[in-house]
Structure formats: C-alpha cells, structure tokens
Amino acid sequence: MNISIIIIFDKFREEKINRLLNSIKPQLNSWDHEILLVQESNADTISILPKLPIKVRHLTVPEKQGIPFNRNQGIKKSKGDIIIFIDDDCWVQEKWLSSLLSPLEENHELLAVTSGTKIPPSNFLGNCISALGFPGGGSLGFEKVWKVSAEGFTDHMAAGNCAMRKEIFGRIGLFDEAMKYGAEDAELSHRLAKNNILIKYAPDAYAFHEARTTWNSFFHWQLRRGKANYHLRKKISRIKPFLKLRAWSATNVLRHNFTNVKLPVIVTLLGASFVLQQAGYVAEAFRNWKDNL
C-alpha cells in the first residue's frame with residue numbers, strides 16, 4: 001500500500017510542522033510512503049525549509065486560491081495509491097496511521113475513511129469554543145456532530161483527518177475549487193453519497209487539534225463558515241438535511257454540557273455562531289450579486 005500524506009499550510013510555522021512530523025515519524029516504518037508539504041507561495045522557486053525530522057517533498061502553489069485548490073494540487077502531484085490529509089495545526093496519537101489505514105487494508109472495496117479530532121484543554125474561552133464540536137468533533141466528539149451508523153459508517157468526510165483511495169477522484173472528481181472559504185469536505189461528502197460511496201468512521205484514528213482561544217479567532221472563523229455555507233448552498237439543492245443535522249448537533253452540545261458551569265458561555269457562543277454565520281452568508285451573497293451586475 002503506497003500512501004501520500006498531504007499537509008497544507010500558508011505560512012511556515014516551524015514549531016507546528018515539527019510537532020506534527022515528529023508525531024507521525026514513528027508510525028511510518030510499515031508503509032511505503034511520501035509526505036508532501038503543500039505551501040501557498042508566489043515565490044518562483046521553492047524556499048529552503050529548515051531541517052525537518054522526516055524527508056518530505058515541498059510543493060508551492062499560488063497564494064489565495066483556496067484550500068480546495070491547494071488540496072487538489074497535492075492530489076495531482078502525489079504518487080501514492082492512498083491519499084491522506086492531516087491539518088498542519090494537528091498532531092497525531094501513536095496509533096493514528098494504522099487505525100486510519102486498517103479499514104482500507106481489510107476491505108479492498110472500501111474507498112474512504114475518516115476520523116475526528118480532539119482538542120486538549122486550553123483557556124476558559126477555548127474550552128467553551130471546543131465544546132461546540134468543531135473542528136472534527138472538538139471536545140464534544142465526532143459522533144455527536146455527525147451521525148455514525150451502527151455499522152460504523154458516516155456521511156461526512158472530515159478533510160482535516162482522512163484517507164481515500166486515489167481512484168475516488170477519478171470517479172467523482174477533485175475537491176470543488178469554488179469552495180474557497182471551506183466546507184469543501186461537506187460538498188465532497190455530498191458527491192460521495194450521491195455516488196453511493198461509503199465513508200468508514202475510524203474512532204481510533206483521531207488526531208489532536210489546537211484550540212481557538214480568542215474572541216477574534218472565533219469571530220472570523222464563524223464569518224468564514226457563513227461564507228462557505230453560501231457556496232455550499234449554491235452546490236446542494238436539498239439543504240434541509242444539513243439544517244436538521246446542525247439542529248441535532250446543537251441539541252447534543254446542550255445535553256452534553258447541561259450541568260457544566262460553562263453552559264451560559266456555550267449557549268452564548270451557539271447563538272453568536274448562528275448570527276455570525278448568517279452575517280457571513282449575507283455578505284458573501286451581496287458580494288457575488290455585485291460581481292454579477
């Protein structure tokens with residue numbers, strides 16, 4: 001099994017990249033692998049990175065084309081039969097890679113595997129934000145944000161921690177590059193479902209993700225999600241299932257934290273999330289309207 005692990009970043013952050021690579025390094029011995037660092041840069045030549053703990057291929061892509069574009073460049077340049085995405089602000093636990101790949105080894109008909117992220121405790125606000133279940137389940141848990149069947153399948157591909165056979169992109173196409181603000185995984189998941197391609201959820205393949213710890217980061221994140229929702233709405237005609245899913249996950253947030261002293265702040269964040277996403281949605285709709293005049 002040949003694997004390509006793709007890590008995308010826009011600014012080189014040596015401490016974070018080293019943290020991720022050092023967590024991956026002990027798990028690579030059993031696999032024929034390559035690691036691609038895909039960096040947004042308008043430089044004509046590839047910059048020389050400081051010495052890293054693992055041999056990598058460093059690719060540059062044009063800036064500000066959006067995460068789906070960056071992911072697609074990594075896929076096109078990859079050599080592996082299995083494509084793995086892991087976010088640069090994550091680090092993985094010791095059984096991450098084997099847990100992510102074992103479903104594909106056991107079932108050669110399976111094309112896609114995903115898992116969630118866990119957010120370690122941070123400051124008070126960061127703990128409240130992670131209780132909302134994003135990204136990848138946060139401190140709430142993947143299974144309370146996206147539904148998982150009794151057989152262990154889900155209809156959501158978390159692009160920040162997943163593995164897919166490369167052939168999948170020949171069948172349904174690459175990531176949609178119109179989804180510049182995010183939700184490219186939701187759009188891809190929609191196409192997987194339309195093509196009856198199952199996504200296996202691997203609970204033991206979780207990674208750790210940094211917490212968002214400031215109001216400013218929360219504010220901009222929610223606005224961006226609202227903009228992403230606008231483009232997702234343009235791609236998917238039946239939006240009702242997504243709204244029902246979000247209502248279900250919000251109910252899970254409240255149930256899970258009902259006796260938590262942080263509940264008032266969590267409720268405030270839920271409300272602020274809704275308002276800010278609506279504001280982002282409207283702003284993006286207005287911008288597109290003006291562009292089309």
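Visitor: Which strands and helices do the buried residues of H2 pack against?
Guide: They pack against strands E1 (2-9), E2 (32-40), E3 (57-61) and E4 (82-86), and against helices H5 (167-172) and H6 (184-194). Contact means heavy atoms within 4.5 Å. Buried means under 20% relative accessible area, exposed over 50%, partly exposed in between, with a 1.4 Å probe and protein chains only.

Visitor: How many residues of H2 are buried?
Guide: Eight of the 11 residues in helix H2 (residues 67-77) are buried, so to speak mostly covered. Among them are Phe-69, Arg-71 and Ile-75.

Visitor: Where does the model come from, and how are residues numbered?
Guide: It is a predicted model, where local features need pLDDT of at least 70 and side-chain atom pairs count only at pLDDT 80 or more, while totals for chains, interfaces and linings use all residues. Residues are numbered from 1 along each chain as its sequence is written, and side-chain values use heavy atoms, with hydrogens and water left out.

Visitor: Now the whole protein. How much is buried?
Guide: Of its 293 residues, 49% count as buried.

Visitor: What share of the contacts is between residues 24 or more positions apart?
Guide: Such pairs make up 74% of the contacts with a separation of 6 or more.

Visitor: What are the spans along the principal axes?
Guide: The C-alpha trace covers about 50 × 50 × 40 Å.

Note on methods: Helices (H or I, at least four residues) and strands (E, at least two) are DSSP runs, numbered from the N terminus.
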